[in-house]
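Dear colleague,

Please find the structure below for your records. My findings follow directly after it.

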Amino acid sequence: MARKIQAIRGMNDILPDQSSVWLYLEKTVAEVVKSYGYQQIRFPIVENTDLFKRGVGETTDIVEKEMYTFEDRNGESLTLRPEGTASCVRAADQAGLLFNQVQRLWYTGPMFRYERPQKGRYRQFHQIGVESFGMATSDIDAELIILSARLWQKLGLLEHVELQLNTIGLASEREAYKAALVEYLTEFKDQLDEDSQRRLATNPLRILDSKDESTQSVLKDAPNLEDFIGEESQAHFQRLQAILEANNVPYVINRRLVRGLDYYGKTVFEWVTSHLGAQATVCAGGRYDGLVEQLGGKATPAVGFAMGIERLILLLETLDLIPSQAKFSTDVFMVSMGDDAELASFTLSETLREAHSNLVVLRHCGGGNFKKQMKKADSSNARFTVIIGQDEVDQGVCQVKDMTTGEQVSCKLDQVTTHITNTIR
Ligand code: ATP
Ligand code: MG
């Protein structure tokens, strides 16, 4: 036998018993974002490598060590998208959607990062991203956060996630802070973990994120970013908090929250959960007023977030929050014996589907005797089995078996739809 080829490590198949949960989540998100006026945008999975180098930042984890980069046959450097924001900006700007306009956009799809695969962390994973452009005031930051809170509420997750907020100020304020932080940390360099030592030169703000105990204890007496934040950023942050409070969205301020990507400024936030171990963040975002210009467009204020679908699904499953209607189930299983009955069962199946577009009607295909077909009906877990043989065809009827009670009744063909839908609803 030929050797079987396996999927690539960290890249998962989404099998039939899982895909209904994905559809449920995607449908819920699509409804919520639409109700806030967000329209979907779709862009390619592959982009020029420079887009992410410039857009995400050369010294970020993503660009330093997580990208899937390759040369195409022309020798051009391409990258499988590790996130959606840079691509979204590229696509919207290329189409002339950004300058002097307001846009509310969202997207969903696979992202690729070369990370160590573990629960909640994969090499191909999926995000849903929501981005807004052309609005500089914190009302839009608040709207996005309120939108995400509404989504958690719809999914039953609101009480299981916590909103963490911070402001990281303007680029100039961060530069001043970085200088002070580096000066302080250099004194304790040998007490920092290896990653943080490296980041001292490349991306010192990320050191605040370090999980290392020794690094954290050094950080206790480090200068505070808060003290470097100017009036404008403070006012922006205050107003955001006031709107969230007025809308009853609880939050905690996490002064250590800086986010891993280069493009953020002012507002940053994360929704975290205590139910997923180290992979605690299910949704993360913030304001990125500098990115459009950094990618060659005209300066455009922007704010957005992305959530990880796999982590959300893990969370829904862990908390047993997947509604039974979201799971795939068969309503009617059709059994027939003989050619005439087969045709009658086709016609009846179509009639049922026509009458109720959400009814799942499974016709037995592939032949087999009555007993075999009834076994299939049993294992399909259908609510009803509809049986048609030659006698039924001759009399214009069928047998409808209620699989939960075992009760079987003879029913006129033109009354089956009413009989079934009356019982189900
Ligand atoms: P982390 O700190 O967990 O690595 P991140 O800061 O790299 O996350 P973002 O780039 O902000 O994450 O992506 C937004 C969300 O996408 C994350 O909060 C998470 O839910 C999800 N995510 C990120 N990387 C992965 C991955 N490798 N596998 C699964 N989900 C992921
Ligand atoms: Mg990461």
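Strand 10 (281-287) contributes the largest share of the shell around ligand 1, namely 4 residues; strands are DSSP runs (E, at least two residues) numbered from the N terminus, as are helices (H or I, at least four). At least two residues of that shell also come from each of strand 6 (124-133) and strand 11 (302-308).

This is a predicted model, in which local features need pLDDT of at least 70 and side-chain atom pairs pLDDT 80 or more, while totals for chains, interfaces and linings use all residues. Residues are numbered from 1 along each chain as written, chains are lettered from A and ligands numbered from 1 in written order, and side-chain values use heavy atoms, leaving out hydrogens and water.

In total, 16 residues surround ligand 1 (a heavy atom within 4 Å). The closest are Arg 113, Glu 115, Arg 121, Tyr 122 and Arg 259.

Elsewhere, 3 strands form an open antiparallel sheet in the order 2-4-3, where pairing requires at least two DSSP bridges. Its edge strands are strand 2 (46-48) and strand 3 (68-71). Strand 3 is joined to strand 4 (residues 77-80) by 4 bridges, and Tyr 68 has Leu 80 as its bridge partner.

Yours sincerely
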